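Thanks for coming. I have one structure to show this morning, and I will take it piece by piece. Please look at it for a moment before I start.

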Amino acid sequence: MDNCIFCMIANGQIPSTTVYEDDDFKAVFDIAPANPGHVLIIPKKHAGDITELPQETAAKVLPLAARIGKAQMEALGADGFNTVINTGEAAGQSVMHFHTHIIPRYKGEAPMVANWIQKSYKDGEAEAIAAKLREKL
Ligand code: AMP
Ligand code: ZN
């Protein structure tokens, strides 16, 4: 894809700090890391987001994420890691080429989970929403 910054990173047109590469993926440092060693897994073939990612590529993302996260724990002393996929502008996706963030995390840091406002369902609302979803699945 022309003018796609992650396509350019994947094909080497834009320099990146690369920690892993294979036929399908390049794993590079995020230019504005949440913590040092924050990695982005970028598929080499353009897909706008997770819904456009071919299943055979998608199936390789989680094992690679686990491998990179484990390396962050072993090599950087991280106590854990966040695996984050943002899909759509409303969800915070700013680069429209699928990518997975692997962020090393340390004890004592504010956890990233549940930084949304926790809501509740009204009577019958959960079942009505679940029915809509089931119809599409
Ligand atoms: P997202 O908001 O999930 O789309 O994440 C996009 C990420 O890409 C952000 O965390 C940016 O810091 C990162 N980013 C943008 N441009 C570059 C670049 N040239 N090299 C590395 N990371 C980048
Ligand atoms: Zn792209």
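I will go through the overall layout, then the metal site, then the other ligand, and then a few single residues.

First, the conventions. This is a predicted model, in which local features need pLDDT of at least 70 and side-chain atom pairs count only at pLDDT 80 or more, while totals for chains, interfaces and linings use all residues. Residues are numbered from 1 along each chain as its sequence is written, chains are lettered from A and ligands numbered from 1 in the order in which they are written, and side-chain values use heavy atoms, with hydrogens and water left out.

Now the layout. The chain has three helices and five strands; helices here are DSSP runs of H or I with at least four residues, strands are runs of E with at least two, and both are numbered from the N terminus. Their order along the sequence is α-β-β-β-α-β-β-α. Along the principal axes, the C-alpha atoms fill a box of roughly 55 × 40 × 25 Å. Of the 137 residues, 32% count as buried. Buried means under 20% relative accessible area, exposed means over 50%, and partly exposed is in between, with a 1.4 Å probe and protein chains only.

On to the metal. Which residues hold the zinc ion, ligand 2? Its protein donors are Cys4 and Cys7 through SG, and His46 and His97 through ND1, at 2.1 to 2.3 Å. A donor is an N, O or S atom within 2.8 Å of the metal, or 3.2 Å for Na, K and Ca; water is not among the atoms, so sites may look incomplete. The angles among the four donor atoms run from 104 to 116 degrees, and the site is tetrahedral. That term applies to four donors if all angles lie between 85 and 135 degrees.

Along the chain, the donors of this zinc ion have the spacing C-x2-C-x38-H-x50-H. The two histidines link distant parts of the chain: histidine 46 is in the loop between strand 3 (39-43) and helix 2 (55-76), and histidine 97 is in the loop between strand 4 (80-84) and strand 5 (100-105), 51 residues apart.

Histidine 46 has 25%, so it counts as partly exposed.

A search of the whole structure finds zero of them, a disulfide being a pair of cysteine sulfur atoms within 2.5 Å.

Methionine 96 sits in the loop between strand 4 and strand 5. Its C-alpha is 7.8 Å from that of cysteine 4, although the two are 92 residues apart in sequence. Methionine 96 is partly exposed, because its relative accessibility is 37%.

Next, ligand 1. There are 15 residues around it, and Asp30, Gly92, Ser94, His99 and His101 come nearest; a residue is counted if one of its heavy atoms lies within 4 Å. A polar side-chain atom of histidine 101 lies 2.8 Å from one oxygen atom, and a polar side-chain atom of asparagine 86 lies 2.9 Å from an oxygen atom. Valine 95 contributes a polar backbone atom at 3.0 Å from an oxygen atom. Taken alone, ligand 1 exposes 500 Å², and the protein buries 82% of that. Those areas come from the Shrake-Rupley method with a 1.4 Å probe; for residues, only the protein chains shown count as cover.

Now strand 4. Asparagine 82 lies in it and is buried, because its relative accessibility is 15%. Its side chain makes a polar contact of 2.5 Å with that of arginine 105. A polar contact is a pair of N or O atoms within 3.5 Å; within protein, one must be able to donate a hydrogen and the other to accept it, and residues adjacent in sequence count only if both atoms are side-chain atoms. Valine 84 is also in strand 4, and is buried at 17%.

Last, asparagine 3. This residue lies in the segment before helix 1 (5-10) and is exposed, at 74% relative accessibility. Asparagine 3 has a positive phi of about 65 degrees although it is not a glycine. Most residues other than glycine have a negative phi.

That is what I have; I will take questions.

Conventions
Four donors count as tetrahedral if all angles lie between 85 and 135 degrees; four count as square planar and six as octahedral if opposite donors are over 155 degrees apart and all others between 65 and 115; anything else is irregular.
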